[in-house]
Each structure stands twice: as structure tokens, then as C-alpha cells.
Amino acid sequence: MMQIDRTITLLKQGKHITEEAVYSLCLKSQELLMTEANVTHVDTPVTICGDIHGQLHDLLTLFDKSGGVEKTRYIFLGDFVDRGFYSLESFLLLICYKLKYPDRITLIRGNHETRQITKVYGFYDEIMRKYGNSNVWRYCCEVFDYLSLGAIINNNIFCVHGGLSPDVSTIDEIRAIDRKQEVPHEGAMCDLLWSDPDDVEKWSLSPRGAGFVFGQNEVNQFLHTNNVELIARAHQLVMEGYKEMFDGGLVTVWSAPNYCYRCGNVAAVLRIEDDLQRNYTIFDAVQPQDGVGNAIIPTKKSQMDYFL
Amino acid sequence: MERIIQQTDYDALSSKICALQFSYLPPNKGTLSEPIDETLQSLYQDIKSLHFEYYKTLKEESRNVYGKINKLMRNPFPVMNYGTYLRTLAIDVSLIKFINSFPIDQHFQIVNLGSGSDLRFIQYLNMFGDRVERFIDLDFKDAIILKQKILKDSITLDHIIQSYRDKFVMLPGDLKNVAGTLEKLTQFLNPKIPTIFITECVLCYMTENDSKQLVSTIMNEFPTGCWISYDPIGGSDVNDKFGTIMKRNLMDSRNLEMPTLLIYNSKSNYPQRWDNGKSEIVIKDMWDFLSESISDIEKKRLRSLQFLDEIEELKIMQSHYVILNTTWT
């Protein structure tokens, strides 16, 4: 536990964590996650958080604004890594908290918690830049394979990263998936991590190249069959931080403010009270400033993110 | 400042090489639902080998520039490849449409202002050689010198240049010096035949006054002409922070200024410089272009190249880049 506290302190300062320390953290968290079900039960009150994407300083703001892990229960809906400059630190901070407060943090797998996607979207490159080899990336990917696929709050709110799947009508079917693997390119496990809601009449192909697009009919059907009132998911950037759809039957929560340091959006977290009331907290990106609060200057990276 | 602006050409070239490597470019047959699809196909026939040849020769010519470009290429996000694809196509579709609007035997001239390492001149001379009276690439002196060296050192490219030596001209110049630019251009252009001007991510680096001057001077000097301009726009909605953040990011990361990003910030404000009461102006953002002009089958092909993780992000970015087409007579 001493070591975890030390690591948390280092992470909050954006300092280097040794390969050995990462290895040991990853091993411990695998053992812990292994015991969790595909769909974890969580009690209220709980705060639901969307995509983080390696924006460590914004993750620290998130904890600041929403009570902090000492006092609050959290569900993170995945996409901890990629795009931002601090994927490793963000993910390690979350697994340190998970190890320190196992019943206060639930981590759900996002479509970025895979080997294939992290090779394209920055996490792999970040590890090569920080360690000169890919070992740490491999340790983390092994943890990814053990992350839950969803959570259920008070048997009333279903949490997932992406959305529904035409192969899944009941939550029990999700419980039956063998999740401990790289996310496949198709099928139920893939869809849960990749699908999006939209105003469509029926299941449609997703423009992302994986998963499906589903509409109100599919959502109503799922809510009815499983006797739940809300699907809470992340996965899609929402400029206002959150967006309720389908008469409040589904909500998208997005927790990476000024996504990719250039989108200009605000972020949100959703607190579910004991009476299932929904309370949103909106927060903005922290302006990088030397030595102030939790602001960390993003590493100078040659900017390729605009068309010049 | 000149060097900082000039280096943006390395971004443009590396983006194009990436889009070619990942097979976004060239577009497939059936990309456009319009009859010009076939023209587009022939235009892109050699695009890959041309650019790879240029890039290979660049390596021998300038290790420094090659190193910079190579570094930029390391992490090609799908959103960037999409954007490069859209930008490249939007300019070529505009060019082909202008050329097709001329009578079939009409000769014309093309001027690429701030051309950088763009190789369109080869594509258009190959395609419309007998009708292109003149193709001019104009850029800062150092950019032109490097480009000349590369083209000369590559046997393949030099061979092409030689065959077009009466038509193709590379001019060193600074667009801020409008009088000087005009003087150079008029030496090589015939004002009596239509001229198409291209500014691809060029005006955005100029001050409001300089870019206004450049556009109005050219429009006054050439009695008939067309202009194709591609640039970012900052956004005009009060909640739209894209431009403010872009300005700050580019300033912080590379000291690059975008003086008019928040002035010509929308599809209605951007065309002001070309509006002389007589010009016809069409402007589209790149998200419109993707949604309206690219066929479903091509969109499906693009989706299969890499997993695109964020459609929303693509939309935000692409709705902040515009293509303007205007003609004046």
C-alpha cells in the first residue's frame, strides 16, 4: 500500500514511474479485475465518468470537482488512454485508486483499451517515447483484457462504453461473454464497446467501421427486457459534456474537456443519487500554467493536428 | 516569420504522403456522382509514384527537411488522413469544374500562390497539357530553390519538367509584396485568357490588409479569372472556441500566427475579400463536402482503411475548413 501511495504522489506530479513499478501494479490489478464479473454491480450514490483519453490534468480536475475518491464512488466508462499526452499516467492513476479503494472505483473497458487501437491512437507511441521499449504498453494491454464490459447501478442503470448490440438482448447474455481477450472485430463484445445511438429506425452500420448505430426502438426494447430505466454510456464527444436522448432513456457522458487540446468542448460527470436522481457536474479544461494547482504543461509535441 | 510559415509546407507534404501511404489517396472510381469522376481518376493516375519520387529525392537533397517531414509522419491519425483526402479532392474538384466550364478549346493558365512542394502542376500539365498555356508555382525563395533542386535531381521528375519547360514556371516571391508579386506574374501570364488562382492554406498566414490587397489587386489586374481558396475558419458561434484554441495552440507550439482566423471566421465572412459585386462565390466547408460530394461507396472504402474513432471530432475539425470557388468576368 505504501508503494501505491508513493506512485499516486508521483503520478499527480506527472513524474516517471519505473518499468518495474508499472509491472507490479499491472499484475496486482489483473488479479483484482479477474475476480470481477463482466457486468459489475454498483450501489448509489455513484458518479459516472466518460472518456478521459490521457488528459491527466483534466482527470485530476474531475476528481477535484466531484468529491474525490476518498469520499465518492466512481464508475469510469472506458477510453482512459490514447490521444492525450498522459495516457499512461491517467490509466495508472485509475488502477492505483482501484487497488487502494477497490469498492469505490469501477473501471469499464472502452474501445481504446485494445492493442490494435492504441497502436494507432497514441498510447503505444507514448510508451515508446517514455520508456524506449514497448514492455509497459504490453503490461497495460494485459490489464485491459481483464476490464469489465459494463456495470449495473442498483439494478436500474446499465453502464457501458459504447452501446447496444444486435447480439445482446439481456444483460445475462453479456455475463456469458468470455471477455478476457483482445476486443474482437465483430460480435457482442465489439458492439458494446463501439456502437452509437442515433435517430435511426433500426440497427444500422456504424460510420466508425465497427459496432452498430441503434435508435429509440432498440433502446426501449433493451430497457423493457432488462427492467432498467437508463443506459449510461460515453464514447461520443458531446460539446456540452452530456446529452440525454430517447426521452431520457439513454445518456452520453463525456469527461475530456477541450478534447485533444483543440475541440473546445466542456466535460461532464453524472452523479446518481440514492433516489436515482441525476445530477450533472460540468467542468472546463485547465489552462496549462507553470506550477499552479494540477496544471501540467503538455509535452511539446510537433503539432500535426491541424491542416496547414 | 517567413521560415515559420514556410515550414507549414512540411506539414502539408507529410500529410499528403501519409494519405497516400494509407491509401486514402488516390480516390476510387465512383467517388463523385458527377460526370467529372472519370477526369478525377485520370488526374490521380500517377499521384502516388510522383509524390514518393519527390519525397525520395528530397531525402537526398535535404536531410534536415526530410527529417522534419519524417518526424511529422510518425503518428497519422485517421482524422488527419481524412482531412488531407478532403482538402486534396476539394481543390481538384474545383479546378476540374472550372476547366470544364471553359469552352472545349479554350486555353487557360493556373497560378498556385504559395505552392510549396505541391505537385499539381505535373498532374494538370499531363492531363490538360495542350490547353494549359502556363502553370506558375510561386513561393518564398528558399522553398522554390529547394523544389527546383529536387525536381532537377530526380531523373523522372526532371524529364517531366523538361517536357513542359515552355509552360511551367517557378517564381520566388513574397505575397505580402503585392506589387512585386503582380509584376512577376504579369511577365508570364496573358491577361486575355482565363487564369485560375489557387491559395491552399496561404491567406490564413497573411494579415487582413495584405490578403485583401492581394485578392483585390489580382482581381483588378486580370479581367477574367477564377479563384480557389482553402483555409481554416475560426467559427462565428459564441460558444465555438475552435478558432481561439487553434490560434493559441499554433502560437504556443510553433510561433505560427493566423491573423485572420477569427476575422474571416465563417462561411459568410470568409468570401468578403472576393466580393466585388460582380463575382460569383460558392463556399463549402469540408464536412459539407464529405457529406454531399463523396459517394457512399467511397465513404465505405475510407472507413475500411483505419478505424475512425471519433466522427464528432472529424465533424468539428472539417466544419472549420472551407473551400471557396469564385469566378469574375
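**Reading burial, a helix face and an interface**

A: In this predicted model, 50% of the 308 residues of chain A count as buried.

Q: How does the radius of gyration of chain A relate to that of a compact globule?

A: A compact globule of 308 residues would have a radius of gyration near 19 Å, and the 18 Å of chain A agrees with that. Along the principal axes, the C-alpha atoms of chain A fill a box of roughly 50 × 45 × 40 Å. The chain has 10 helices and 14 strands. Of the contacts in chain A between residues at least 6 apart in sequence, 69% join residues at least 24 apart.

Q: Which residues of helix α7 of chain A are buried, and why do they line one face of the helix?

A: An α-helix has 3.6 residues a turn, so residues three or four places apart point the same way. In α7 (residues 135-144) of chain A, the buried residues are A:Val136, A:Trp137, A:Cys140, A:Cys141, A:Val143 and A:Phe144. Seen down the axis of α7(A), these fall within an arc of 155 degrees, so they line one face.

Q: What do the buried residues of α7(A) pack against?

A: They pack against α2 (19-34), α4 (87-100), α5 (115-121) and α6 (123-131) of chain A.

Q: How many residues does each chain give to the contact between chain A and chain B?

A: The size of an interface is often given as the accessible area lost when the parts come together. Counted by residues, the contact takes 25 from chain A and 35 from chain B. On the chain B side, α11(B) gives the largest share, seven residues. By class, that side has 15 nonpolar, nine polar and 11 charged residues.

Conventions. Residues numbered from 1 in each chain as written. Chains lettered and ligands numbered in written order. Predicted model: local features only at pLDDT ≥ 70, side-chain atom pairs only at ≥ 80, totals over all residues. Buried ≥ 20, exposed ≤ 12 C-beta atoms within 10 Å, placed from the backbone. Helix = DSSP H or I, 4+ residues; strand = E, 2+ residues; numbered from the N terminus. Arc of directions from axis to C-beta. Contact = placed C-beta atoms within 7 Å. Nonpolar A, V, L, I, M, F, W, Y, C, P; charged D, E, K, R; others polar. Rg over C-alpha atoms; globule rule 2.2 N^0.38 Å.
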